[in-house]
Amino acid sequence: MSRGTALPAFLRGYPHLTTFDRINLVDAAVAVLEGSYAHLRQKRARYGTDPVGRLSVLRARAELMNDRRFLEEVHAVFTDLRDLHTGVRPPEPLRSAVAVLPILVERYLRRGQPVYVVSKVAEGVDAPDLVAGVRVTHWNGVPIDDAVARHAARTRGANEPARIARGLESLTVRPLAEHQPPDEHWVDLTFLTPDRSSLTTRLPWRVLRKRSRLPGAGRARTQTAALAMAPVTLAVDPGGEAAQLAKRELFGRRRDGTIPSTLPIFRADTRRVGRTSVGHLRVWSFLQADHEAAVRECERLLRAFETKGCRGVLVDIRGNPGGVVLAAERLLQLFTPNRIEPVRFAFTPTPLTEAFCTVDPALHAWRSSIVGAAGSGEVYSQAFPITDPDTQANGHGWHTPLPAVLVVDPLCYSSADLFAAGWVDNEVGPIVGTGATTGAGGANVWTDADIHARVGSDDPACPPQLSGGLDLRVAVRRAVRVRASAGIPIEDIGVAVPEDNIHGTSRRDLLEGNDDLLDFAASHLAEREPG
Amino acid sequence: MRAIRGTVVTMDDAATVLADGVVYIGDDGRIATVQPSTDPAPAAFAGVTPVRTGGVIYPGLVDLHNHLPYNTIGLWKDKVRAATPWLDHNQWTGAASYGPEVAKPGAFLGWVSAPSLIAYVEMKAIVGGCTTVQGNGKVNHSVDGSLARNIDTERFGTKKDFFRVTTIVPDKAADLVPTAQAMVTKGAGFIYHLCEGVDPKLVKEWTNAVEGGVVRRGFIAIHGTALTAAQLAALAAADASLVWSPFSNLWLYGGTVDIVAAKAAGLRLCLGSDWAPSGTKSVLGELKVASLANVDPGAWRQPPVATVAGTAPVFSDLELCRMVTSNPGDAVAQVAGPQIGRLQPGWLGDVVVMGRRTADPYRNLIRSTERDVRLVLVGGEPRYGMASLMKATGATNTTPITVGGLARQAVIRSPQNAAKFFSWTDVVGRLEAVRHDPAAAARELALALASVGGDVSDPDAPLILFGDMPRPRDDAPGSAGRNDPPLPVPIPALQSLVHDTAWFDAVDDHTYHRGLLSGLRGMWA
């Protein structure tokens, strides 16, 4: 594989941060965490971590560290929050880089024990015996189970299933905006060939450039003032998006569905299940700023399933990193006659969040409860939906008569979590998954530029402007569920999959297009007949 | 409203000069318009007759590097040092003579006679045509200056604190970060002594400044003598400014900035006279030093190098004059907007009128001496000048003063009360009284402080001007601190206001400068 740049060559261009850049970053991070981080209290309680204290210690040592060590330390502080929404994004070239090996490693369960296999091999790998399906036994000489566990511990997955899923992915795909570059320049992969002989092959890390499609991801910092009051409705894991893009480059463009979609966030297929057919709607992400277009396209695809005689729809959001809250929540109404109650969001009451809600008309609803919290001691503001319940969550006026099942995994995150929560809480249909929960990211995420667009530099609560090409993302509004689960946060908990609805990934799933999983999901369609 | 007429040297971008022009200044202290005298007066100035100055009108000169509390003291020569230049700014604070001859007298005067000290040192600036100075040290109460603007505390009619200033060079980049944050978030400027000396080890200060994030727009570096060509280029690229003090550099370190490299980099250079112990008496003097260095810059380096043919003179006369007008004005404008250094509509009516020595207006400014200063306006208000011009411009509360043997008048406001005025006799008399009996002055201060419980921040505490230079290294801990009055020390004779024979003799008496500064005497002829 010769795509991208060799890791040693890439590391020669590691960005330099001045002492000013570093201390500025630490000061800004402390101000943002204390002033606006919605989960600070929860993370302290759940993980016993004190990011503000650790950053204060780091501030004193910032000048003495080399660039890589400094960014590693910053990264470690945020890793321990187990929150993919909140963290520091490094400057270029790290920001848009993804370190990759030319294989994917995935796992399935056999008699309850995990088995690790190479599920995909990129073109051009010079190792004839390394083919999809070979079983991996060691990773740089470390038994693969232990290697995955160590990688899982270094990810920001919010719960055990999410950490294992992300640890497995980070074996071979690491967005450098979210991960540190690999320490090793290559990996010695030991695997069993079909004839059970053990081979070891050396795979060098290479670095691809993948520019994010997130709104504002490529802008220069000097332009941030011009952002003024752009609506902030993102809920996304940017690293997950970068990983998706890198995998697509390595292992080939996604094939089109049998029903072509005009939006890249969807793929629609029909598949045979027994003597009937079902629709398989893959939703790769909710990164669709024009959420109205997402609703229209989804309706068109669902109508096509009906036309083709499908008896139900499998809505598959595995690996979905999230995106625009409105895009996710507005789609729910297309699958059910039930009225959709959208997820609610709450700020933590501080002078900084009060400033947001004073300045930005779209946030005025939250202001009075933030002001009131000073007297009542409430730790969160009143919670309101981002998606308007009448005009947006329920206003479309059409839903499919087909029953639907939601398919999730521990890698689906953020807006995908919100979608899953809405699916369950509004009783849209059954949920099945390859793990016990979704990825558990429940918040609306802002950048430091979103904050500066709403708070003047004269405000004492205003964090310092970042420099050196760094930026900061933070979960400012935490999401809580509705109806029967009213008030339960999504962060760290995720959306649970009932035990009977969990499907252990099979070898056939990994190597033959998730046939077992989708059959398992389709079996749940029987619970509801077309109306 | 005032209007003054003469040859107007605007120092605008086009270097416009009106052979016979009028500068109209409104009641807001800002220039309304600058136009040929033949043009009809603006409607708002109907009935205002322009005052004929008979001279050449320039923007008030700007001195962006000084330490005013020490400016009653003469040139300092450390006997132990002999002819050996110091390598950097950390060496001379350890010299045995630094405490008794420089630091302690300056600090003592600041404690016991701040109002008179401020008036005296600002008068030194203003008789050199300087309307804005830098380096007034810290004070325990807010002051509004006596005569000149002081850029460290000048608010330009706002409540904003435009500049951060320090003469202490931190060891760590991290210590500069809060200042850099203020520059980024509040748009503050930063005036900072950088790489002062000739020791290559001073590169650490540059690295710290870069790492600390202060090398950016709004940064005004002072000295920079140890900066390399690449570092000067980096300063220019950051749109920062450098204040050049060639006299002081020669006096202390035997060499000055690589001005050939600074010019090549397009760096914005300003002039600063630095303090009296190692500097000229005003930027009018420093301008002449710069013009000397300009013709043989290699000889002014430490160690000296041969000046490369074709590289000198480095600057034109216009460029030299910009170093005391529009260049510092532009550096200030980066953080405070259009204020000083140019005669253009909207800019402040800070003006100096010089006599005519030569036809070329820029060479005329370079050759002007204190005796050629005919009138000085600050914000359109007459502050100093010939009696006839002071009267014609409506000056009140004037006090007579003799400068360079010529009778002049000045308006000296109390630093604490703009409605109260000092006479020059009182200013000098108070300082001489302290000189005569420092112990009595110390007792008087002790009584005044006792009446406010020793709290210098008490509104009724006397005004105190704290020296901004390092304390002598052998100084006892706690002495001359913010709440610890210094002990009485002998005070040297007050240095005269002008570059006079005694001063030229003192210059020639020293050998640190390899004779390069001896050419100055001829420039006052």
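Cys195(B) lies in the loop that runs between strand S10 (189-194) and helix H4 (203-211) of chain B. Keep in mind as you look that this is a predicted model. The backbone of Cys195(B) has a phi near 50°, a positive value in a residue other than glycine.

You will find His223(B) in strand S11 (residues 219-223) of chain B. With 28 other C-beta atoms within 10 Å, His223(B) is buried.

Next, some peptide bonds to look up in the structure.

| Cis peptide bond | Omega |
|---|---|
| Glu92(A) to Pro93(A) | about 5° |
| Gln302(B) to Pro303(B) | near 0° |

Where do these prolines sit? Pro93(A) is part of the loop between strand S2 (87-89) and S3 of chain A. Pro303(B) belongs to the loop between helix H8 (283-295) and helix H9 (317-322) of chain B.

Now follow chain A into its sheet. Four strands make an open sheet in the order S1-S11-S3-S8 (chain A), and their pairing is antiparallel. Which strands stand at the edges? They are S1 (5-6) and S8 (173-175) of chain A; each has a single partner strand, so one side of each is left without a neighbour in the sheet. Elsewhere in the sheet, strand S3 (residues 97-100) and strand S11 (residues 206-209) of chain A are joined in the antiparallel sense over 4 bridges. To see one of the pairs, look at Ala99(A), whose bridge partner in S11(A) is Val207(A). Helix H8 (residues 238-251) of chain A packs on this sheet and touches S3, S8 and S11 of chain A. The direction of this helix makes about 135° with that of S8(A).

Finally, see where the chains meet. Here 13 residues of chain B are in contact with 12 residues of chain A. On the chain B side, the elements giving two or more residues are helix H3 (177-186) and H4 of chain B. Which element gives the most to this side? That is H3(B), with 6 residues. By type, the chain B side divides into 6 nonpolar, 4 polar and 3 charged residues.

Conventions:
Residues numbered from 1 in each chain as written. Chains lettered and ligands numbered in written order. Predicted model: local features only at pLDDT ≥ 70, side-chain atom pairs only at ≥ 80, totals over all residues. Pairing = 2+ DSSP bridges. Contact = placed C-beta atoms within 7 Å. Axes fitted to C-alpha atoms, helices over the stretch in contact; angles between N-to-C directions. Buried ≥ 20, exposed ≤ 12 C-beta atoms within 10 Å, placed from the backbone. Nonpolar A, V, L, I, M, F, W, Y, C, P; charged D, E, K, R; others polar.
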